[in-house]
Every structure is written in structure tokens, then in C-alpha cells.
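Please examine the sequence and the three-dimensional model shown below. An explanation of selected features follows it.

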Amino acid sequence: MSDIEVEPVDSIETIDVATEIAEPSGVDAPEFVLYGGKGGVGKTTCAAATALASANDGTPTLIVSTDPAHSLSDILQLPVPDEPARISDAHPLYGVEIDPSSMNADVAEMNDLFDDFDADGLGFEGFDGIDAPFEGGPTASAGGTVPGGDETAALQLLLEYFDDPRFDRVVVDTAPTGHTLRLLELPDIMDSMMGRLLSFRERMRGMLGSMPGPFGVDTDETTSQLETFSERIEHLRTVLRDPGRTEFRVVMVPEQLSILESERLLDRLNEFGIATGTLIVNRVTESADQLTEIDPEQVVTPDVESCEFCKHRWESQQEALQRAQDVFRGRSIKRVPLFGSEVRGPAMLRLVAACLT
């Protein structure tokens, strides 16, 4: 095979992409946007690009990472704290990387509530059928431990962020598929636990209400806390299932295995009743000008006309792209090209945002 001539170009750092690429005018998205998919497909990149575009039009926007292996700070090239804080002077962009370890006290407090129902070994093990809803799935221990510590921590924080009046839009970079599904299952699991525990407390009131000590009537404080948390979970579930307020966007790459996993994820999201109107196919071997109004001279993307490797790669992606079109018909499919440089920092993220708008 003949040698391919490559014209040297400046590094992406010396090309002033920030001034040559127009700022995206915003995003067509509801209040809450969640990006999900298998690991390594570019969820964080798409979430960061969407949040930047959203904040650019003056919309106070919070970007949240629920992935324990955070990369949001690296991609934004901005420090992202473990508490929501403004991370851009130019735009109303806020960020937070959820640190499950910082939630230990809050999770422990919830565990304490459940432990109230297992005093002296009587709780879950003391009544037939009390643990039935958890068979075959995430379970509470005999002592009432909250299932899925990391996911529970993330769930509690999402409850707070979705209701925070500081933000008009919340963009969530979720963990890889398995963790995300456990997070989305938690409202149903926790709701079932709450219902069982509250029912258990009422049964205890009737059976042992006149007895002193740990088996007598407790104060209403614990019951009130459980009821409040149950109401907040129901609120979050309602928000997640409202297509006018929430959209889950699935990110994939143009490979058969990625398409198959995305199809399974969409099936589960449909079971949860969560809207998925947009899918993003990332790292497509196409020139950027084929996907959005970008001057191809401004950034290095694959050249399927002159580069033999790029041409073969593009041909191998065609089958996967066609399958995606067939499987996900009726949904908006956005394509993001494979860039010659790593997507990091606001300048490159603007290019991604331009493909997503």
C-alpha cells in the first residue's frame, strides 16, 4: 500500500478553536438530561458539552457526575467539587462530582432508621414475608442496611439537586450501564422497603403498643422521617417519568456490541417509563463538516477519501450505523465524529455540542 501523505498541522492547543467556532446557542432539552451507556463510549464528553451549551445561553446549569470513576474535571479542564458550586466565571455553569464516601453519614442515618425496626433481633427476620420483595435483587440485610451504598448516596443527592432552585437545568453524567440501572431501580426498591417498614411499624403499634421499652410505642419521629423520604422518592420517580421534564440520552459507538447493549438499556428504561428521545453515536469515522456546520480546516477529523485506514474503518461502521437506524427508528440519532485530538476543554467541547444541537 502506498504511503499516505499527511500535512502537518498545529496542535489543537495552538488553533484558536474558541474564536473560530461559534458558541452553541443552547440546547433543545428539558429540565433534566441524563446521559447513559456502557463504559468508555463518551457519556461524560456529551454531558459536559450539553451543560456548556446550556449555560452559554444564560441558563443556570448543573453538571453532575454519578460515576465513581470521575473524569468530568479532566474533560472540562475545570475543578469540579464534591458540593455544587459555580465552576465558570463566564457562564452560569455549576458542577459536582458525587463522592459516595462523603455521604457515609447520610447513608448511616438512613440505616439507623431501618435499624429501629430490628431492635433486639425482632425486625425483618421476626415477621414472615417481610423480606419477600427483595428476593432475587438488591436486598436489605437482616439488620435493615440500605441496598447499594453508592447508588443510594447518588439517589439522595439527586433528590436534592433536582429541587434546587439555583438550577434551571441539571445534566447528569451517569455511571456505566449496570450502576445506572441499579440507581434507577432504587426508587422502586426503596419505596417497597418504606411501605413494608411503615406497615411493620403500624403492626407493632397494634400488637405491642402498651408494652414498655424497645417493644413499646416509639415516638413518631422515625415514622415521620420515613414518610418524608418516601414522598421524596415518589417525587423523583414522577420527575424521571415525565417526558416534559426529563430525557435519558443513550450514548454508543458504531460497533455491534455497543448497539446491542444500548438496545437492552433502552428496553429497561422503557420498563421504568423513562423517555429516551435522543441517541448519540460517538466516534464516527466521518469528516466533521458532514455532521455539522464546521469548517474541516479548523479541526482534524477522519479523511475517508484519502486515508485508506479511515476508509476501511468507515466501511466497517456502516453496518452498525444501519442497525442503529433500524433499531432506534423514531428517535433522534445524533452523530459525533472521531476527532484527531483528545476531547478536553471548552474549545473541543464546543465542537461536540455543535454536533448535538
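The structure is a predicted model. Its largest nonpolar core comprises 49 residues, and Val64 and Phe162 are those with the most contacts inside it. Helix α6, spanning residues 177-208, supplies the largest share of this core, namely 9 residues. Apart from this core lies another, of 36 residues, which includes Val336, Leu351, Cys355 and Leu356. The surroundings of Val64 can be described in detail: residues up to four places away in sequence not counted, Val64 touches Val96, Ile98, Leu158, Tyr161, Val170, Val171, Val172 and Asp173.

Attention now turns to the helix pair. Helix α8 covers residues 256-272 and helix α9 covers residues 308-327; their axes come within 9 Å and cross at roughly 15°. Angles under 35 degrees count as roughly parallel, and α8 and α9 are therefore roughly parallel to each other. The crossing in which α8 passes α9 is right-handed. On the α8 side, Gln256, Ile259, Leu260 and Glu263 take part in the contact, where they meet Glu319, Ala320, Arg323, Ala324 and Val327 of α9. By class, the residues of this contact divide into 5 nonpolar, 1 polar and 3 charged.

The loop between α8 and β7 (278-284) contains Thr276. Is this residue, Thr276, buried or exposed? Its relative accessible area is 9%; since buried means under 20%, Thr276 is buried. With neighbours within four places in sequence left aside, Thr276 is in contact with Phe248, Leu266, Leu269 and Arg331.

Technical notes:
Residues numbered from 1 in each chain as written. Predicted model: local features only at pLDDT ≥ 70, side-chain atom pairs only at ≥ 80, totals over all residues. Heavy atoms only, no water. Axes fitted to C-alpha atoms, helices over the stretch in contact; angles between N-to-C directions. Helix = DSSP H or I, 4+ residues; strand = E, 2+ residues; numbered from the N terminus. Parallel < 35°, antiparallel > 145°, perpendicular 65-115°, else oblique. Left-handed = near helix turned anticlockwise from the far one by under 90°. Contact = heavy atoms within 4.5 Å. Nonpolar A, V, L, I, M, F, W, Y, C, P; charged D, E, K, R; others polar. Core = buried A, V, L, I, M, F, W, Y, C linked by side-chain atoms within 4.5 Å. Buried < 20%, exposed > 50% of the residue type's maximum accessible area, 1.4 Å probe, protein only.
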